[in-house]
Amino acid sequence: MTITARTADDGRVLDTLARSEADRRARRRRRTAWVWAARAIVLGLFVGLWQWTVDIGAIDPFFFSQPRAIAGFLVEEVRDGSIWPHVLVTLRETLVGFAVGAGGGVAAGIVRMQFPFVADVSNPFLTILNVLPRVALAPMFIIWFGVGEGSKVALAVSLVFFILMLNTEAGIRSLDRELVLTMRALGATDRQLFWKVMLPGAVPAIFGGLRLGVVYALLAVVVGEMISAHMGLGQRIAFHAASFRAEGVLGTILVLAVIGLGLNLAVVRAEQVLLRWRGDAP
């Protein structure tokens, strides 16, 4: 009888936990739906107010364009396919620059934390390079690497590298010192300490740098393309601006915003998958 009663109690507890988890998921789904609905309302109000102010003559569409003209421009660009080669060039430059800069930055941060002597020697040089206005030096990158994709990739690398290096160092520094001492007391080797404690503990900070780095990589590429390029969305922005086509400039910027949002969401999704063991990801 005692065993039977205990089994029944355990079953009720499991049922309660299952219902609680189901309720939590349902609340999360409802909240997500309300969030997206609110976003759609805000966006609709903004676009509607913009078009209304143009229709009543409150703003000049020559300078500010209007939603109808921007939509027509995008439909035309997509229909004839003229925008896709530029999207591919910008996206390729951004991803290559981001990957190289992020990989180098993470590696540099790890090496500097593992070898304090290297960090002490390199500190003044890296600080000088970091404070240089790389975006302002974009013309020099074009002189050094040419007007092709290499200069845009190099500019993106120069921005992303330092973001990831500093975030990696900050993540390793923020580790619980008592945990490190406990691992050493238990006989953990330097290799085990790095793979089991330091690197996993720094991953959240690294992903924070990745989310920022992917945006700066896109920014660097677009700036380089606006200065001098044969292809790319930045080059199209400069072309439409020189032609006084406000709808072309704003439409291309909207495409860039969508690309930036997609890249950021991809990094966030990767973070959720890799950090699922922490229980933070939905």
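## Burial and overall fold

Of the 282 residues in the protein chain, 36% count as buried. The model is predicted. The chain holds 11 helices and zero strands. Along the sequence, the pattern reads α-α-α-α-α-α-α-α-α-α-α.

Residues 24 or more positions apart account for 70% of them.

## Packing of α5 and α7

Two packed helices are described by the angle between their axes and the distance between the axes. Helix α5 spans residues 116-131, and helix α7 spans residues 149-173. Their axes come within 10 Å and cross at roughly 130 degrees. That angle makes α5 oblique to α7, because it falls between the 115 degrees that ends the roughly perpendicular range and the 145 above which helices count as roughly antiparallel. The crossing of α5 and α7 is left-handed.

From α5, the contact involves Leu126, Leu129 and Asn130. They meet Phe162, Met165 and Leu166 of α7. By class, the residues of this contact are five nonpolar, one polar and no charged.

## Aromatic pairs

A pair of aromatic rings is described by the distance of the centres and the angle of the planes. The structure holds six aromatic pairs. One of them joins Phe46 and Trp50. Their ring centres lie 5.9 Å apart, with 50 degrees between the planes, and the pair is tilted. Both residues sit in helix α1, which covers residues 2-55. They are four residues apart, about one turn of the helix. Phe46 has 52% relative accessibility, so it counts as exposed; the cut-off is over 50%.

Phe141 and Phe145 form a stacked pair. Their ring centres are 6.2 Å apart and their planes stand at 20 degrees, which is under the 30 degrees that stacking requires. This pair lies in helix α6, residues 138-145. Phe141 and Phe145 are four residues apart there, so about one helical turn separates them.

Phe141 is buried, with a relative accessible area of 9%. Phe145 is partly exposed, with a relative accessible area of 47%.

## A ring cluster

Which residues do ring pairs link into a cluster? They are Phe62, Phe63 and Phe244.

Technical notes. Residues are numbered from 1 along each chain as its sequence is written. This is a predicted model: local features need pLDDT of at least 70, side-chain atom pairs count only at pLDDT 80 or more; totals for chains, interfaces and linings use all residues. Side-chain values use heavy atoms; hydrogens and water are left out. Axes are lines fitted to C-alpha atoms, for helices over the stretch in contact, and angles run from 0 to 180 degrees between N-to-C directions. Helices (H or I, at least four residues) and strands (E, at least two) are DSSP runs, numbered from the N terminus. Angles under 35 degrees count as roughly parallel, over 145 as roughly antiparallel, 65 to 115 as roughly perpendicular and the rest as oblique. A crossing is left-handed if the near helix is turned anticlockwise from the far one by less than a right angle, and right-handed if clockwise. Contact means heavy atoms within 4.5 Å. Ala, Val, Leu, Ile, Met, Phe, Trp, Tyr, Cys and Pro count as nonpolar, Asp, Glu, Lys and Arg as charged, and the others, Gly among them, as polar. Rings of Phe, Tyr and Trp (its six-membered ring) pair if their centres lie within 6.5 Å; planes under 30 degrees apart count as stacked, over 60 as edge-to-face and the rest as tilted. Buried means under 20% relative accessible area, exposed over 50%, partly exposed in between (1.4 Å probe, protein chains only).
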